[in-house]
Amino acid sequence: MASRRKYSSLLMLAGVIGVHARADELSVPDCPSASATATAEQPPSNNVRLVTGSPYSALGTSQTVTTLPNGDRVVRQNTIRQWRDSDGRTRSEFSMSSIGGAQPLELNTTVTVIDDPEARERYLLQPANKVAVTVPIVPCRVNAGREPDLTVGPPRPPGLAMRVSPPVKLGERKLDGEPVAGSRVEATIPAGAIGNEKPIQMSAEQWYGRNLQVVVEATYRDPRTGETRYKLSEIHRTEPDAKLFRVPDNYTRKPAPAPLRSRR
Amino acid sequence: MTNHPETHPQLAHLSNQYARDLAQVAPSPDLDARVADLVATHRPVAAAAPARRSRRLGLYAAAAGIAVVAIGVGILIGMQMEHARKIAARNAASERDAVWPPADLTMWPTDSVSFKVPAEYSAQGTLVAVDPDSKNTSARYWIDVVVANDGTFRIERIVPADPAQKKGGHDGVAPQVQ
């Protein structure tokens, strides 16, 4: 009799846990299609892809080489130290020295960002004044079986005439033991669009880790900025320290200032 | 007293006369008494003075040494404090180069992170991130930076900062957006 009660209690507990887990899954919507990016008419999306049950830590290194007309080369390197726990919380530390482009920017600073899908907030830490600026996020899941289309490609400012090819699949291979799937996007700015005599050709290629569910390697070529190569290294598939995903106790949380256009 | 054969006769004469006078000189008993008295009374004083003087000199030397060491330690501590202050100021300045999230840049579908950075043009003509609380040395701009999941760091837009909006947001800074 006592054992029957025990079994029924266990069954009920399992049922409650199952229902709770299902409710959690249901509360996270599917991610919108990749083409549904923000436009001038459409408000920006705060969707953040939620990946659970796949903890890791790694170092992403991004190196941009710009070749000047006189043949000289400018090499810029920035890094992203990144962690993700089994619950899908992430921490990224961006160590930025400089960013190239038509107007290069010297930064020499490190920025820490924590995404907490459960709290539905992104925290941008400001160590000098012990403030965590909060930004609301909307976690979403990429449908199982549907290959996430995360190809970045060139920036596509609204109003700029640009032809962007659909992503071309490059097949699968292994990078440092991680199975990756490749895709490439080609883009062209037609002659005359920005005062250019000839069309400007750009290409973006990336290799997406099937298990890690992040970009493991990428190359972006743009004659205006040069070639950017990104590679993930020091990959560890262990559960990171939970402290990394918490805002320090002595920090004050403040919401991000609203954009001016919403104040008008 | 014998004179050299080549000595001038006049000089030889004077020299001989001085020798005779010197032979006739007898020490005065009064002088002897005075000398004895001087020796008896002044010897102890003469003997004690160098010892005291050397002790005093030793003390002065020790005091001067301590003073030199104290001054040296003071200078070292001062240098260390100044160095620490400079480092702290530099760190604080770099930390104050804080960034803010622009509220109107999409994070999807690139798992991107965007920052808003205050910057000014340097003498070399490049944009340099600045302490938002520092006084403008030239026109200030807000730089929207987007870091995408493919590791590209991009300047999304550059917007001149509105001085009227400098104060009023977080930490005295409000972001500029389109």
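This is a predicted model: local features need pLDDT of at least 70, side-chain atom pairs count only at pLDDT 80 or more; totals for chains, interfaces and linings use all residues.

**Chat notes**

Analyst: Val73(B) counts as partly exposed, at 40% relative accessibility; buried means under 20% relative accessible area, exposed over 50%, and partly exposed in between, with a 1.4 Å probe and protein chains only.

User: Where does Val73(B) sit?

Analyst: In helix α2 of chain B. Helices (H or I, at least four residues) and strands (E, at least two) are DSSP runs, numbered from the N terminus.

User: Which nonpolar patch includes Val73(B)?

Analyst: Val69(B), Val73(B), Ile77(B) and Met81(B) make a nonpolar surface patch of about 380 Å². Areas are Shrake-Rupley values with a 1.4 Å probe, and for residues only the protein chains shown count as cover. Patch residues have over 30% relative accessible area and no salt bridge; like charges are joined within 9 Å, nonpolar side chains (Val, Leu, Ile, Met, Phe, Trp, Tyr) within 5 Å. A salt bridge is a side-chain nitrogen of Lys or Arg within 4 Å of a carboxyl oxygen of Asp or Glu.

User: And how is the rest of chain B laid out along the sequence?

Analyst: The pattern is α-α-β-β-β-β, so to speak two helices and four strands. Buried residues are 29% of its 178 residues. Chain B exposes about 11200 Å², with carbon and sulfur atoms supplying 64% of that.

User: What about chain A, how many helices and strands?

Analyst: Chain A has two helices and 15 strands. Of its 264 residues, 41% are buried. Residues 24 or more positions apart account for 50% of the chain A contacts with a separation of 6 or more, a contact being heavy atoms within 4.5 Å.

User: Switching topic: which residue in strand β5 of chain A is worth a look?

Analyst: Asn108(A), placed in β5 (residues 105-116). Asn108(A) has a positive phi of about 50° although it is not a glycine.

User: Is Asn108(A) buried or exposed?

Analyst: Exposed, at 55% relative accessibility.

User: And what is phi for Gln213(A)?

Analyst: Near 60°, positive in a residue other than glycine. Gln213(A) lies in the loop between β12 (200-209) and β13 (215-222) of chain A, and is partly exposed at 28%.

Notes: Residues are numbered from 1 along each chain as its sequence is written. Chains are lettered from A and ligands numbered from 1 in the order in which they are written. Side-chain values use heavy atoms; hydrogens and water are left out.
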